[in-house]
Structure formats: C-alpha cells, structure tokens
Amino acid sequence: MSTSPSAAPPAAEIGVIGGSGFYSFLDDIEELRVETPYGPPSDLIAVGELAGRRVAFIPRHGRDHRYPPHRIPYRANLWALRSLGVRQVLAPSAVGSLTTDYGPGTLAVPDQLADRTHGRAQTYYDEGGAIHVSFSDPYCPTGRHTTVGSAQAAGWDPVDGGTLVVIEGPRFSTRAESRWYASQGWTLVGMTGHPEAVLARELALCYTPLCLVTDLDAGIEEGEGVTMEEVYRVFGENIGRLRTLVADVVKALPTERDCPCPHVLDGMRLLLELP
Ligand SMILES: CSC[C@H]1O[C@H](OP(=O)(O)O)[C@H](O)[C@@H]1O
Ligand SMILES: Nc1ncnc2[nH]cnc12
C-alpha cells in the first residue's frame with residue numbers, strides 16, 4: 001500500500017461506498033487524498049484492481065466511523081469518485097427490515113426509495129439555474145440486475161425490489177414510526193441511502209444499493225427494539241460473504257454502460273463542469 005498526498009489519480013471505473021462495518025475492501029491499494037468543491041470526502045480513497053477492473057473504495061462514515069449518517073459529506077464523496085473516473089457505484093449498507101419476511105442476513109436490492117431525511121444537502125444544482133433530474137426509478141437497472149444475478153449465483157436468496165425508506169437518524173425509529181413506514185408498503189429502513197442515490201444520479205452515475213438486513217425494525221419485532229450492537233454484530237457475521245458478493249458484482253458489471261443513467265443530463269444546460 002502507498003499513500004499519495006495529491007498525486008494525479010489513476011482512473012477507476014467502479015466505485016464502492018462501504019457502510020457501517022465495511023471499512024476496507026481491496027488488498028493492493030494506493031490511497032488518494034481527493035479534494036472537491038464540497039470539501040474533503042469521508043476519507044482517503046483506496047484505489048486498486050480487482051479482476052482487471054479499476055475500483056475505488058471509500059468508507060462512507062470514514063474508516064473510524066467518525067461521521068454519523070446526517071454528517072456524511074455525501075456531495076464530496078460522489079464528486080470525488082466521479083473525479084477519479086468512476087461511473088458505476090455499488091453501495092453496501094446495513095438496513096432494518098420492515099417485514100418479518102426478511103430476517104437478519106437477508107440481502108435486498110430495493111428498486112424504490114422514500115426520503116424521510118431533512119436538512120441534508122441533496123443537490124449539486126442549487127444556484128445559477130435549475131436542473132431537475134428524473135428520479136422515478138432511483139437505481140441503475142443494470143446494476144440491480146447484475147447484483148441480483150450475482151447474489152443468486154453465490155447462493156444468496158436475494159430480495160429483488162422493495163422500498164428503502166431513509167430516515168434522518170442518528171436515532172433509530174420509534175415503534176409508531178416503524179409501523180407507519182411498514183403500513184406504507186415500505187420494506188427496508190436505513191439512514192444513508194439519501195441523498196447518496198440522488199447525488200449519484202445528478203452526476204450521471206449508475207448507483208446500486210446492496211442492503212444487508214441486520215435487524216427487524218422496532219415496530220416489527222416485540223423485543224427491546226433495534227440497537228447499534230445488534231446492527232454491528234449481524235453485519236459482522238455477514239461481512240465476509242458480502243465482500244465476496246461485492247467483488248462478484250464488480251467482475252460482472254458491464255464495461256460499457258447500456259442503461260439510461262449516463263443520459264440523465266442530456267440536453268440540459270449545466271452551470272457547473274462535472275469532473
Ligand atoms: C451502525 S447503526 C446505524 C447505521 O448503520 C447504517 O449505516 P450504513 O447505511 O452506512 O451501512 C445505517 O444507515 C446507519 O447509518
Ligand atoms: N433499523 C434500522 N433503522 C435505520 N437504520 C438502520 N441500519 C440498520 N438497521 C437500521
């Protein structure tokens with residue numbers, strides 16, 4: 001491993017944003033300090049190769065988990081990845097389940113998102129003109145399809161679809177909130193999926209969530225409610241096979257993007273130059 005203070009970064013095509021309990025990924029890496037107009041990203045970015053693909057890894061909360069979900073520099077993270085050449089992003093995350101159908105250890109690849117956060121910077125286009133990206137389908141269809149296929153091939157029984165509600169946190173939900181989310185038909189709950197997904201979309205990146213269920217949320221189970229310890233314990237029990245799955249997906253992602261994601265800004269008059 002080597003550390004470059006501000007070296008010209010090598011190109012990376014695929015980005016991985018590791019969540020709670022997922023603080024490193026690649027073996028043979030160069031660590032890059034990347035500056036952005038939005039300040040520094042959560043940490044140094046590790047760049048390396050996996051099966052011939054150039055990959056950039058960033059721990060969402062920092063390697064020492066110094067950023068709680070509402071303080072993560074989301075704009076800097078996505079900007080930094082794009083500036084390294086990343087165009088496809090994989091986003092592993094620990095989530096709660098809003099249904100007894102999906103117990104701890106389940107891998108879910110949602111196809112919808114509901115935003116219950118507030119006060120987070122959620123756009124790059126907030127001055128000098130209006131850019132409205134399409135967000136009806138928040139995730140990359142190819143990334144989702146590839147992830148579900150890789151998970152099935154590896155012996156997971158992945159959940160293909162569902163809605164991830166993203167809460168502001170950092171506290172967990174009350175039982176009443178949790179029951180209300182479930183009554184909306186939402187299936188998963190987390191704290192970091194927004195604005196990460198929409199910022200990726202605004203940069204014309206492909207973004208795919210890999211949600212590992214660590215707990216049944218407070219309104220679903222009758223026990224003491226969700227605890228941080230439970231989240232880390234269950235995530236820790238599954239991190240090995242999740243890492244392997246992320247590597248499988250990296251290998252399986254297409255080299256040429258065939259999805260709508262690269263075209264989301266076509267025809268729009270951009271007021272800032274994308275990296
Ligand atoms: C560690 S408990 C709650 C914490 O875990 C999840 O993080 P991530 O999405 O980055 O895996 C959840 O969103 C909360 O931030
Ligand atoms: N129950 C839960 N609510 C919000 N974020 C979570 N991350 C993991 N479990 C969670």
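**Figure 1. The loop that holds H65 in the predicted model.** H65 is found in the loop between β5 and α1, where helices (H or I, at least four residues) and strands (E, at least two) are DSSP runs, numbered from the N terminus. Although H65 is not a glycine, its phi is positive, at about 55 degrees. Most residues other than glycine have a negative phi, and most peptide bonds are trans. H65 is partly exposed, with 15 other C-beta atoms within 10 Å; a residue is called buried if 20 or more other C-beta atoms lie within 10 Å of its own, exposed if 12 or fewer, and partly exposed in between, the C-beta atoms being placed from the backbone. Residues are numbered from 1 along each chain as its sequence is written, while chains are lettered from A and ligands numbered from 1 in the order in which they are written. Because this is a predicted model, local features need pLDDT of at least 70 and side-chain atom pairs count only at pLDDT 80 or more, whereas totals for chains, interfaces and linings use all residues.

**Figure 2. Helix α1 and its surroundings.** Helix α1 (residues 74-83) has 9 of its 10 residues buried, so it is largely enclosed by the rest of the structure. Among the buried residues are Y74, R75 and W79. The buried residues of α1 pack against β2 (14-18), β4 (45-50), β5 (53-59), β6 and α4 (193-202), where two residues are in contact if their C-beta atoms, placed from the backbone, lie within 7 Å. After α1 comes G85, whose phi is positive, near 105 degrees.

**Figure 3. The kinked helix α5.** In α5 there is a kink of about 55 degrees, centred on I239; the bend at a residue is the angle between axes fitted to the seven residues ending there and the seven starting there. The buried residues of α5 are V231, F235, N238, L242, L245, V246, V249 and V250, and they pack against β2, β4, β5, β6, α2 (141-153) and β12. An α-helix has 3.6 residues a turn, so residues three or four places apart point the same way.

**Figure 4. The shell around ligand 1.** Ligand 1 is surrounded by 13 residues, of which the closest are G19, S20, S93, M191 and T192; a residue counts as near a molecule or strand if its C-beta atom, placed from the backbone, lies within 6 Å of it. At least two residues of this shell are supplied by each of β6 (88-97) and α5 (228-252). The shell divides into 5 nonpolar, 7 polar and 1 charged, where Ala, Val, Leu, Ile, Met, Phe, Trp, Tyr, Cys and Pro count as nonpolar, Asp, Glu, Lys and Arg as charged, and the others, Gly among them, as polar.

**Figure 5. The shell around ligand 2.** Among the 14 residues around ligand 2, those that come nearest are A94, G96, V189, D217 and V226. Two or more residues of the shell are given by each of β6, β11 (188-190) and β12 (206-216), and the largest share, 3 residues, comes from β6. By kind, the shell around ligand 2 holds 8 nonpolar, 4 polar and 2 charged residues.

**Figure 6. Two cis peptide bonds.** G169 and P170 are joined by a cis peptide bond with omega of about 0 degrees, and P170 lies in the loop between β10 (163-167) and α3 (175-183). The peptide bond from H194 to P195 is also cis, with omega near 10 degrees, but P195 has its place in helix α4.
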